[in-house]
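Please look over the model below.

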Protein chains: 2
Amino acid sequence: MLNNVRVILSHTSHPGNVGAAARAMKTMGLTNLYLVNPRFFPDVQATTMAVGADDVLENAVVCASLDEALQGVVMVAGMSARVRGISQEVLAPREAMPLLMQHASHPVALLFGTEMSGLTNEELARCQLMVRIPVNPDYTSLNLAAAVQLLSYELRLAADLGDCGAPEGGALASAEHVESFFQQMEETLTKIEFLHGKHATKLMLKLRRLYARARLEADEVNILRGILTLTTKYHGELKQSVKAKEVENVQSD
Amino acid sequence: MLNNVRVILSHTSHPGNVGAAARAMKTMGLTNLYLVNPRFFPDVQATTMAVGADDVLENAVVCASLDEALQGVVMVAGMSARVRGISQEVLAPREAMPLLMQHASHPVALLFGTEMSGLTNEELARCQLMVRIPVNPDYTSLNLAAAVQLLSYELRLAADLGDCGAPEGGALASAEHVESFFQQMEETLTKIEFLHGKHATKLMLKLRRLYARARLEADEVNILRGILTLTTKYHGELKQSVKAKEVENVQSD
């Protein structure tokens, strides 16, 4: 579906922005860049900023007019940074991008105006959706490539490609595995006299809650049990050694 | 709430990225920039790229270590670009940023690694949340400032949406409190001979991950430290008693 999305940059002044926009698009899986009357293109600065997204630049379609760039497009979402005279509903990216994706079985477009002044009224009139990125009202200076990045990201999420990869963790420990760990912990903590008296129950509950929250993996339960085993093993050995000495002492007395 | 968010950039190589990151932050209403050992800073390229976000650069806190940058921070979300050996759950920005905002009545942090290699394992071990921006698997080259832009945007949405219910548990432990716990744990586990040989470092990292994931509360750190203290105290006493007996034996021989 993302293959049907065109990113149209109108009358860009800075070739570096075109390159950075290409890179931003490609990270989100967008590849169709259209340039309406770019001031400089192709340009070495654009290539430098594209860092490995040169294919997007090479395949960019340079157009003499917006009409040309919109050929075959069924829906246009225009980026608007400012409130304008023309009344039209303005949507947040999170609302607008799913709407755009709904139509992306045919060509659809994201339209960005110049770095300085955004879209003209004529360009806005071609948009079925107006999108505004929520920004700090005291500092609205969103870079063109940054705006492309944010909308491409929202498009990727809207296309259901928002999965950030399978979780890395190992297999979760089974309930009985975790329970056996808690049993051993209680025994050990009693033995080292951490648990005693009226607070024992409450402390064990707190510890259970802590480890429950961590959602322990099987591997981790084994590590924790290993620690407990060594704690008591060492204690046991030392105690035996103390006792043995006591016996010896009694015998040698 | 956004005032309590720190953006921490670790070991940046390119000053232009620092400036672009400052601009990205400010458009979303974030102002607290922390730089851990930046290669060049301050730098004219940073200022050029900041375009009106110079105040963010001027107020940036340059730190000699991550510890310094995390002083007082109760929750750290680390940006991870790659799958790594050690298991930890990775969240999408849309899931992770509301979690971070839930705790932003105290200082919280977004942590970004170097442009080339991302966060080190040691840095990741300091994070309670791991965040991965969903990207095109065939081209993952997200610019540092673009990543800052996307996460700042999600933070802004998370802050504006107001669906940040109060966290359920008690007050989270500060970074230095948790760190002191880890130090004590390492000492104790070495003493009881759980940590030894070539697996020691990896085991400690695994344990750090586990507890980081649990997002420890101050109260819980105190309980865990209490357990560690008793573990070694008991060992110490038993050892002394063994030694005392040995001395007695020698004397009575």
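This is a predicted model: local features need pLDDT of at least 70, side-chain atom pairs count only at pLDDT 80 or more; totals for chains, interfaces and linings use all residues.

Residues are numbered from 1 along each chain as its sequence is written, with chains lettered from A and ligands numbered from 1 in the order in which they are written.

**Sheet.** Chain A holds an open sheet of seven strands, ordered β3-β2-β1-β6-β4-β7-β5, with parallel pairing. Strands are DSSP E runs of at least two residues, and helices are H or I runs of at least four, numbered from the N terminus. Strands pair if DSSP finds at least two bridges between them. β3 (61–63) and β5 (90–91) of chain A are the edges; each has a single partner strand, so one side of each lacks a neighbour in the sheet. β1 and β2 of chain A pair over five bridges. A:Leu9 is opposite A:Leu35 in β2(A).

Contact means C-beta atoms, placed from the backbone, within 7 Å. Angles run from 0 to 180 degrees between N-to-C directions, with axes fitted to C-alpha atoms, for helices over the stretch in contact.

| Helix of chain A | Residues | Angle |
|---|---|---|
| α1 | 15–27 | about 165° with β1(A) |
| α5 | 93–102 | about 145° to β7(A) |

**Chain contact.** The contact takes 59 residues from chain B and 58 residues from chain A. On the chain B side, α10(B) gives the largest share, 17 residues.

Notes:
Two residues are in contact if their C-beta atoms, placed from the backbone, lie within 7 Å.
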